[in-house]
Amino acid sequence: MSVLNAAQKNAVAELLRVSPVADELGRRFGAAGHELHLVGGSVRDALLGRLGDDLDFCTDARPEQTLAVVQGWADAIWETGREFGTIGIQKHGLRIEITTFRAEAYDGVTRNPVVEYGDSLLGDLERRDFTINAMAVSLPGHEFTDPYGGLDDLAAQVIRTPAAPSQSFGDDPLRMLRAARFAAKLQFTVDQKVISAMRDMAADLDRITAERIRDEFTKLMCGADPIVGLRLLVDTGLADRFIPEISGLKLEIDEHAQHKDVYEHTLIVVQNAMRLEGDEGPDFTLRMAALMHDIGKPATKAVGRDGRVSFHHHEVVGARMTKQRMKAMKYPKDVITDVVELVGLHLRFYGYGRGEWTDSAVRRYVTDAGPLLTRLHKLTRSDVTTRNRRKAANLAADYDALEERIARLAEEEDLARVRPDLDGNAIMELLGVPPGPVVGQAWRFLKELRLDRGPLTRDEAEAELFKWARDNGHLSS
């Protein structure tokens, strides 16, 4: 048992003040003859002053016994995790998960954990991933349990495993990725023994399903400092097991800034994108697009006669590679589509020059970006990492000018919803044709005309439609 100092006692007291249901729940379990402990991330976050509305508890009660204790008391109950020993409840706006003491491990072959119920708090804490997540507070007695020095590691801001790292990662290889994720989330240092084990056992990550890896990687990317986590993944070889394109960037030299490789440039772009996120919080789509925006460079590298390196059309190749990689990681289709679009569009601005684009080109830029325009603005600005202050200032000024033109055109036209000046019904009525391919072809022609010339009057639009129909054999002269 660890002795709490004054600050730690205050943290636990604050936890229980904010969450009075904890003691009440503990008394209910005690009356039924069971233990109840606040555990894991909830204790860690309380001690760090970061506790949210999600609380984790563990108990010696089996799931059916837990249900008997909370029924009639909880505002809501869900049993989706029952097969893993977890019962979820809601009380006074708090989301609570109560899990039976567990002893889970991998058999070294299958991809899913084998879950067995444990019989003690110490046994439950021993199976946990890191020492900072292996602390508990009993309820309602408030007795603090810290068998692996989690408090000391929390104070030292270091990530260690309760057991030997090789044993911990052998039980669940996903913990290697979790180490990088917690480094990104908490901005802690990973113990060197843990890093060595991650490097030695990286191939064991292949036993884990794509979905579990995806979820951990997403949390890493949304952490306070994903760069720390990404460097760990690359340096230990873990990235090579599920997103090798990132490590591959270290081999290429960026033509815009030859003092650093594309890998370092990419990490800076991710950092830049984070600074532009605003108050909305972590934007995974933006961060992922920043991470993947240059992955097409290795495949498109060319050296000219003058010795300059180029990566022509790397945005097209990169978009295709991004789609393949994110599909393999089982990301939802809508997320994949958005990230791929941003990667494919991230170089479009560089054709803008000193404002030579026509209004038509600006309309197409906005239309092609669609609802991703704001993110594209942020990604494009983030991609400027040159140390040449004059060049950076000129690029920023150019993009300011483009955004001003977009705003001006948006006032004059509905750029967010560019549509032909005639709808499908008008096209069928004017041409005397039924629904079918001709209507779609005419609609697309009119939309292209709208993008090129801006809004047309009704008479102008009809005249253009008739001319198109005659030229394409859909209307007699």
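Predicted model: local features only at pLDDT ≥ 70, side-chain atom pairs only at ≥ 80, totals over all residues.
Close-up 1. Now follow S4 to its other neighbour, strand S5 (residues 94–100): they pair in the antiparallel sense over 6 bridges. Which residue stands opposite Gly88? Look for Glu97, which belongs to S5. S4 and S5 form a hairpin with 2 residues between them. In the turn you will find His92, which has a positive phi of about 50 degrees.

Close-up 2. The structure holds 22 salt bridges, and here are two of them to explore. One is formed by the side chains of Glu79 and Arg82, with a distance of 2.8 Å from N to O. Glu79 has a relative accessible area of 40%, so this residue is partly exposed. Arg82 is also partly exposed, because its relative accessibility is 32%. The other salt bridge joins Arg128 and Asp124, whose closest N and O atoms are 2.9 Å apart. Are these two residues buried or exposed? Both Arg128 and Asp124 are buried.

**Close-up 3. Asp172 and its surroundings.** Here the side chains of Asp172 and Arg212 meet in a salt bridge, at 3.3 Å from N to O. This pair links distant parts of the chain, 40 residues apart: Asp172 lies in the loop between helix H7 (165–171) and helix H8 (174–186), while Arg212 is in helix H10. Asp172 counts as buried because its relative accessibility is 7%, whereas Arg212, at 23%, counts as partly exposed. Salt bridges that share partners also make a network, which joins Asp129, Arg178, Arg181 and Glu216. The C-alpha atoms of Ile208 and Asp172 are separated by 8.5 Å, with the two residues 36 apart along the chain. Ile208 has a relative accessible area of 3%, so this residue is buried.

**Close-up 4. Aromatic rings in pairs.** The count of aromatic pairs comes to 4. In one of them, the rings of Phe217 and Phe242 have centres 5.5 Å apart and planes at 75 degrees, so this pair is edge-to-face. The pair links distant parts of the chain, with Phe217 in helix H10 and Phe242 in helix H12 (residues 239–242), 25 residues apart. Phe217 is buried at 0% relative accessibility, and Phe242 is buried at 6%. Phe284 and Tyr331 form a stacked pair, with 5.3 Å from centre to centre and 20 degrees between the planes. This pair too links distant parts of the chain, 47 residues apart: Phe284 is in helix H15 (residues 284–292), and Tyr331 is in the loop between helix H17 (314–328) and helix H18 (333–345). Phe284 and Tyr331 are both buried.

**Close-up 5. Charges over rings.** Where does Arg181 lie relative to Phe182? Arg181 lies over the face of Phe182, 4.5 Å from the ring centre. Lys250, in turn, lies over the face of Tyr263, at 5.2 Å from the ring centre.

Terms used:
Residues numbered from 1 in each chain as written. Heavy atoms only, no water. Buried < 20%, exposed > 50% of the residue type's maximum accessible area, 1.4 Å probe, protein only. Pairing = 2+ DSSP bridges. Helix = DSSP H or I, 4+ residues; strand = E, 2+ residues; numbered from the N terminus. Salt bridge = Lys/Arg side-chain N within 4 Å of Asp/Glu carboxyl O. Phe/Tyr/Trp six-rings, centres within 6.5 Å; stacked < 30°, edge-to-face > 60°. Lys NZ or Arg CZ within 6 Å of the ring centre and 35° of its normal.
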